[in-house]
Amino acid sequence: MNIDLPGPQTLIADVPAFAAHARPAVLLRPAAGAPGPHDNSVGGPLLWPRDEPWPVCRAPHVVHKREKLSDQDKEIWQDCDRRMKERRRARGGGAYVMSEEDAEAQRRIMDGAGSLDMITWERIRTVSEAPAVPVPMIPVLQLRAGDVPVLPMPEGTDLLQLLWCPDDHSEPPGQRNYWGPNVELRFRAGGAVGPIRDDPPQPEHAEDVYLPNPCLLDPFRVVDLPEQDELPEELVETAQEWAEARDTEYARTLACLPGWKAGGWPSWHLTDLVPIDCAACGTRMRLLLTLDSGKDPGLNLGRFGELRVFTCPTDLSHPFRLNVQ
Ligand SMILES: [Zn+2]
Ligand SMILES: [Zn+2]
């Protein structure tokens, strides 16, 4: 983070009207390391009681099934392509146009599959399939509330743990419009954990992009502001002008600070603002965590995007929501 840039605090000091929209946040700043079970960590061992069942995933997984074409279908496909090329040549160039019959033949051969591998001549069909046996989840994030004082914590707890099933899931239970690892959150009292589980089970299959390299964290408290769509009309222009006058940008420099983060405001840089409402009570949910792609710890979420966890401000026991941006 470039500390020479005027930050959100400077903007709020200049224009106090922004204070009403500021939220505290903690940038987590993961860096490769060897965390222990008592540390704040990404991809580190969790402070997990030895006698407590380890979380498992039973949700359907996205599977890419390969189906070999018959020799006959492969020939039909190649004939269709050949005729299409010949027609183009006869016209002296231009667009490739397939006859209605040939297009129909290829549709039959695809049989609803998403793509065709023309080297191996296999149809690739993407389906959701429940795992044959429950899949053990893996530790992704552990935060001590004392070091990250922006976390809403249930009474008597001081440790937040996030685990996930490191595979693709299309809309796992409770997660509409979401594709990615299946997440589980635990709040616990660190002091109540007796003997620690030091041999958690491992999943047999994992997508590399969802396996974090172990990192230690360097929590850094900041103030975060919402993106312009979430500001009242009269502050939108002020934000823009204030940033421009200081040769900086409002989004992601003064607002919706990027990177691994607890609390603060979510950015909506790929889509318009998507209101995330609680499924249990309808309240607009608040950003709890942002998990980021890239360098340390080397994840790729969405297409090098962010995975955000939202919780209900009314009741923390209401189901959390996931969103990738
Ligand atoms: Zn799973
Ligand atoms: Zn709720």
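How are the donor residues of the zinc ion (ligand 2) spaced in sequence? They follow C-x2-C-x30-C-x5-H. This is a predicted model, in which local features need pLDDT of at least 70, side-chain atom pairs count only at pLDDT 80 or more, and totals for chains, interfaces and linings use all residues. Residues are numbered from 1 along each chain as its sequence is written, chains are lettered from A and ligands numbered from 1 in the order in which they are written, and side-chain values use heavy atoms, with hydrogens and water left out.

**View 1. Donors of the zinc ion (ligand 2).** Cys278 (SG), Cys281 (SG), Cys312 (SG) and His318 (ND1) coordinate this ion at 2.1 to 2.3 Å. Donors are N, O and S atoms within 2.8 Å of the metal (3.2 Å for Na, K and Ca); water is not among the atoms, so sites may look incomplete. The four donor atoms subtend angles of 103 to 115°, so the arrangement is tetrahedral (four donors, all angles between 85 and 135 degrees).

**View 2. Cys281 and Cys312.** The pair links distant parts of the chain, 31 residues apart. Cys281 sits in the loop between β14 (261-263) and β15 (286-292). Cys312 sits in the loop between β16 (306-311) and β17 (321-324). Strands are DSSP runs (E, at least two residues), numbered from the N terminus. Cys281 is partly exposed at 35% relative accessibility; Cys312 is buried at 3%. Buried means under 20% relative accessible area, exposed over 50%, partly exposed in between (1.4 Å probe, protein chains only).

**View 3. The zinc ion (ligand 1).** Its donors are Cys57 (SG), His61 (NE2), Cys165 (SG) and His169 (NE2), at 2.0 to 2.3 Å. This site is tetrahedral, with angles of 103 to 118°. The sequence spacing is C-x3-H-x103-C-x3-H. His61 lies in strand β5 (residues 61-68) and His169 in strand β10 (residues 159-170), so the pair ties together parts 108 residues apart in sequence. Both His61 and His169 are buried.

Methods. Tetrahedral: all angles 85-135°; square planar, octahedral: opposite > 155°, others 65-115°. Helix = DSSP H or I, 4+ residues; strand = E, 2+ residues; numbered from the N terminus.
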